[in-house]
Amino acid sequence: MTTLIEQLITKMGLREEPNVMEKTTELVRLLELRSTNVPLQINEYGKIVLCADLASCLLGIGFDKEQALKLSGLRRSHYLNNKRMFEKLLDLNKLASVNDICVQLGLNEVTRKAEELMTLFKAVAATEDTGTDTTHPQYAAMAVFQACRLLKKKVSKTKLMPFSNLRPTQFQQLEQQWTLMIAKHHKEGKGLASSDLDGKLKESQQENIKGQEGKKAQKPQTEDYDTWKARMLATAQARLKEQESSQSNLEA
C-alpha cells in the first residue's frame, strides 16, 4: 500500500512537497477504519488519489487536478461525489475560503482582489440586512471568479464551480448578481465606491451588538447546574431535619 501511495503521489507531482506523503497515508488508514460499515464503490487508485487531493488541500498545496482525475480512473462527477463523501467520513468538510480556492487553482495573483471583493460583498450584505450567510462557499468561489474577470485572468468555470456547491444555473444567477453589485459599489483602484460603506458596516455591527446586549439584559439570569444542585440538597436536608425534629417532639 505504501509503495502504491508513493507511486501515485509522484505521478501527481507531489513527491517533493513536505508532509504530503505522511498526510495521505494517515488519511488512507483513517478512511479504512471509518468506512468499515460504508461500502466504498471505488478502486484503490481512486481512494489514494482522493486522499492525496484532500491532504494537499489541508496543507495548502496546489496540484494538477486533471492529472489526478486521470490517475483515479473515475469520471469527474464520480470523483467529486466520492471526495465529498470522504470529507464527511474524515470530518474534513470545512468551508473553502478565497485563499483555499486560489491556492488549489494556482490563482495566487488574484487572491488580493478576491479578498477585496469578499469584503465589499460582506459590507453590502450587512447594510442591506438580508440575513445572508456570507460564509457559504458560493461567495468565496464567486469572489475568485469576479477577481479573475476584473484582472483579465482566464479561469475555467468547470474547475471553479465545485467549490461553490451550486448547479450551473445557480452559479450563473449569482454571477449576474455580483456583476451588478460590482458595477454599483466597486471602483477600480479605489476599493469600495461608497465612501461611507465601511462606516455603515461598522454601524450595522454595533447595532447587532447592542441588540444582543439588550436581549441579554432582558433575559432572566439562569442558575447553573452546580448552584441549583447545591440549593436543592440544602433544601432537602433542611426538610429532613424538620421532619426528624417533629418526630422527636411527638415521641417525647
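Threonine 24 is buried in this predicted model, with a relative accessible area of 0%, where buried means under 20% relative accessible area, exposed over 50% and partly exposed in between, computed with a 1.4 Å probe on protein chains only. This threonine belongs to helix 2, and, leaving aside residues up to four places away in sequence, Threonine 24 touches Ile5, Ile9, Ile48, Cys51, Ala52 and Ala55, a contact being heavy atoms within 4.5 Å. Residues are numbered from 1 along each chain as its sequence is written, and side-chain values use heavy atoms, with hydrogens and water left out. Because this is a predicted model, local features need pLDDT of at least 70 and side-chain atom pairs count only at pLDDT 80 or more, while totals for chains, interfaces and linings use all residues.

**The chain as a whole**

- The secondary structure of the chain comes to twelve helices and two strands, where helices (H or I, at least four residues) and strands (E, at least two) are DSSP runs numbered from the N terminus.
- Read from the N terminus on, the order of the elements is α-α-α-α-α-α-α-α-α-α-β-β-α-α.
- Of the 252 residues in the chain, 37% are buried.
- Among the contacts in the chain with a separation of 6 or more, 70% are between residues 24 or more positions apart.

- In helix 4 the buried residues are Ala68, Leu69, Leu71 and Ser72. They cover an arc of only 165 degrees around the axis, which puts them on the same side of helix 4, the arc being that of the directions from the helix axis to the C-beta atoms.
- The partners against which the buried residues of helix 4 pack are helix 1, helix 3 and helix 5.
- In helix 9 the buried residues are Leu160, Met161, Phe163 and Ser164. Viewed down the axis of helix 9, these buried residues fall within an arc of 155 degrees, so they line one face of the helix.
- The buried residues of helix 9 pack against helix 6, helix 8 and helix 10 (168–185).

**The largest pocket**

- The largest pocket holds about 720 Å³ of space. On a 1 Å grid over the protein atoms alone, a pocket is an open set of points where a 1.4 Å probe fits, with protein on both sides within 12 Å along at least five of seven lines, and lining residues have an atom within 4 Å of a point. Grid points are joined across faces, edges and corners, and the volume is the space filled by probe spheres set on the points.
- Its lining consists of 28 residues, of which Lys83, Glu87, Gln104, Pro162 and Phe163 lie nearest the centre of the pocket.
- At least two lining residues come from each of helix 3 (44–59), helix 4 (65–72), helix 5 (76–89), helix 6 (98–104) and helix 9 (157–164), and helix 5 gives the most, with seven residues.
- By type, the lining residues divide into 13 nonpolar, four polar and eleven charged, where Ala, Val, Leu, Ile, Met, Phe, Trp, Tyr, Cys and Pro count as nonpolar, Asp, Glu, Lys and Arg as charged, and the others, Gly among them, as polar.

**Residues in loops**

- Threonine 134, in the loop between helix 7 (111–128) and helix 8 (137–150), is buried, with a relative accessible area of 18%.
- Not counting residues up to four places away in sequence, Threonine 134 touches Met118, Phe121, Lys122, Ala125 and Tyr139. From Threonine 134 to methionine 118 the distance is 8.8 Å, C-alpha to C-alpha, with the two residues 16 apart in sequence.
- Asparagine 19 is found in the loop between helix 1 (2–11) and helix 2 (20–34), has a positive phi near 70 degrees although it is a residue other than glycine, and counts as partly exposed at 48% relative accessibility.
- Aspartate 91, in the loop between helix 5 and helix 6, also has a positive phi, of about 55 degrees, without being a glycine, and is exposed, with a relative accessible area of 58%.

**Cysteines**

- The structure holds zero disulfides, a disulfide being a pair of cysteine sulfur atoms within 2.5 Å. Cysteine 102 is in no disulfide, and the nearest cysteine sulfur, that of cysteine 148, is 6.9 Å away.
- Cysteine 102 counts as buried at 0% relative accessibility, and cysteine 57 counts as buried at 18%.
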